[in-house]
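Subject: Model handover and notes

Hello,

Here is the model we spoke about. My notes follow below it.

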Amino acid sequence: MQAKSMEAAQPAAEAAAGLPHNIIVENRRSVTATGITRIVSYDEFSATLETQQGTLVIGGKGIQVSELSIQTGELKIFGQIEYLQYSEPTQSAGGFFRRLAR
């Protein structure tokens, strides 16, 4: 199945940037997450989300991204939740010209 990619509008990222990041998992069938700044991608097996505290991957089977509130950064995901995984935010190594100067 082909992965879908979504970019949140700039105001959505700014609105969610100042909000706390929380996750509620209910019976391993639904996840409500707040403080989401961007949906990087999703398909039926995983959703990759950007938060202030790093990239969050929610994986399982039959994953469906249901709602994303632009004002609150709240996201709802349904499916059979098997794992939640964080990775640290990536730091930019500089622009194109900085890499050329090395």
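This is a predicted model: local features need pLDDT of at least 70, side-chain atom pairs count only at pLDDT 80 or more; totals for chains, interfaces and linings use all residues.

Residues are numbered from 1 along each chain as its sequence is written, and side-chain values use heavy atoms, with hydrogens and water left out.

Sheet

Helices (H or I, at least four residues) and strands (E, at least two) are DSSP runs numbered from the N terminus, and two strands pair if DSSP finds at least two bridges between them. Six strands make up an open sheet with antiparallel pairing, in the order 1-2-6-5-4-3. Strand 1 (22-26) and strand 3 (36-42) are the edge strands, each pairing on one side only. From one strand to the next the twist averages 30 degrees; the angles run from 0 to 180 degrees between N-to-C directions, with axes fitted as lines to C-alpha atoms, for helices over the stretch in contact.

Strand 2 (residues 30-34) and strand 6 (residues 75-87) are joined by four bridges, and Ala33 stands opposite Leu75 in strand 6. Between strand 3 and strand 4 there are five bridges. These two strands form a hairpin with three residues between them, and Ile36 has Thr51 in strand 4 as its bridge partner.

Core

A nonpolar core is a set of buried Ala, Val, Leu, Ile, Met, Phe, Trp, Tyr and Cys residues joined through side-chain atoms within 4.5 Å. The largest one has 13 residues, of which Ala47, Leu49, Ile58, Leu75, Ile77 and Ile81 touch the most other members. Two or more residues each come from strand 2, strand 3, strand 4 (46-51), strand 5 (54-68) and strand 6. Leaving aside neighbours within four places in sequence, the contacts of Ile58 (heavy atoms within 4.5 Å) include Val31, Phe45, Tyr83 and Leu84.

His21

Which residues does the side chain of His21 meet in polar contacts? One of its polar atoms lies 2.7 Å from the backbone oxygen of Thr34, and the side chain also makes a polar contact with that of Tyr86 (2.4 Å). A polar contact is a pair of N or O atoms within 3.5 Å; within protein, one must be able to donate a hydrogen and the other to accept it, and residues adjacent in sequence count only if both atoms are side-chain atoms. His21 lies in the loop between helix 1 (10-17) and strand 1 and is buried, at 14% relative accessible area.

Salt bridges

The whole structure has three salt bridges, each a side-chain nitrogen of Lys or Arg within 4 Å of a carboxyl oxygen of Asp or Glu. Arg38 and Glu50 form one, at 3.3 Å, N to O. Arg38 is in strand 3 and Glu50 in strand 4, so the pair ties together parts 12 residues apart in sequence. Arg38 is partly exposed at 23% relative accessibility, and Glu50 is partly exposed at 30%. Glu82 and Lys61 form another, at 3.8 Å, N to O. This pair links strand 6 and strand 5 across 21 residues. The side chains of Lys76 and Glu74 also meet, at 4.0 Å, N to O.

Regards

Methods:
Buried means under 20% relative accessible area, exposed over 50%, partly exposed in between (1.4 Å probe, protein chains only).
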